[in-house]
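Me: I'm new to reading protein structures. Could you walk me through a few features, one at a time?

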Amino acid sequence: ACARAIGRAVVYHAHEPAGNAAYCGPEAVASTAEVIATACGPSGRNADYLFHLAESLGRWGLPPDPYLDELAQRVRAITQCAADAAAPARAL
């Protein structure tokens with residue numbers, strides 16, 4: 001047991017996810033990245049949550065998670081592409 005508080009955390013736990021109407025089952029990393037790149041929920045943008053999670057694992061000295069790293073890389077590419085498309089054209 002911990003003698004003192006070390007911080008606060010929000011934990012998302014899916015008990016028996018197959019029984020949840022929002023559970024879509026296993027899917028390709030590219031499909032998950034498309035959803036995360038555009039989704040926003042009560043805790044904010046899903047992409048921000050993913051990026052902070054991946055960065056925090058490294059800061060805490062935890063081993064890299066290849067799945068999270070690939071997912072973050074794909075989401076960054078999608079969001080960068082969307083930002084580039086939305087940027088006004090520059091005159092040459």
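Me: Is C40 buried or exposed?

Reply: Since this is a predicted model, everything we discuss is computed from it. A residue counts as exposed when its relative accessible area is over 50%. C40 has 58%, so C40 is exposed. C81 is exposed too, with a relative accessibility of 52%.

Me: How many disulfides are there?

Reply: For a disulfide, two cysteine sulfur atoms must lie within 2.5 Å of each other. By that rule, the count here is zero.

Me: Next, helices. Which residues of α1 are buried?

Reply: Start with the general idea: an α-helix has 3.6 residues a turn, so residues three or four places apart point the same way. In α1, the buried residues are V29, T32, A33, I36 and A37. They span an arc of only 135° around the axis, so they sit on the same side of α1.

Me: What do the buried residues of α1 pack against?

Reply: Their packing partners are β2 (44-45), α2 (46-59) and α3 (66-86). Take T32 as one example: its relative accessibility is 13%, so it counts as buried. Setting aside neighbours within four places in sequence, T32 touches E27, Y67 and L71. A77 belongs to helix α3.

Me: Now charges. How many salt bridges does a search of the whole structure find?

Reply: Side chains of opposite charge can pair when their charged atoms come close. The search finds three salt bridges here. In one of them, R45 pairs with D48, and the closest N and O atoms are 2.8 Å apart. Another joins E70 and R74, at 3.0 Å from N to O. Both E70 and R74 are in helix α3, four residues apart, or about one turn of the helix.

Me: Which side chain meets R76 in a salt bridge?

Reply: That is E55, with an N to O distance of 3.6 Å. E55 is in helix α2 and R76 in helix α3, so this pair ties together parts that are 21 residues apart in sequence. E55 counts as partly exposed, at 39% relative accessibility, and R76 is also partly exposed, at 39%.

How values were computed: Residues numbered from 1 in each chain as written. Predicted model: local features only at pLDDT ≥ 70, side-chain atom pairs only at ≥ 80, totals over all residues. Heavy atoms only, no water. Buried < 20%, exposed > 50% of the residue type's maximum accessible area, 1.4 Å probe, protein only. Helix = DSSP H or I, 4+ residues; strand = E, 2+ residues; numbered from the N terminus. Arc of directions from axis to C-beta. Contact = heavy atoms within 4.5 Å. Salt bridge = Lys/Arg side-chain N within 4 Å of Asp/Glu carboxyl O.
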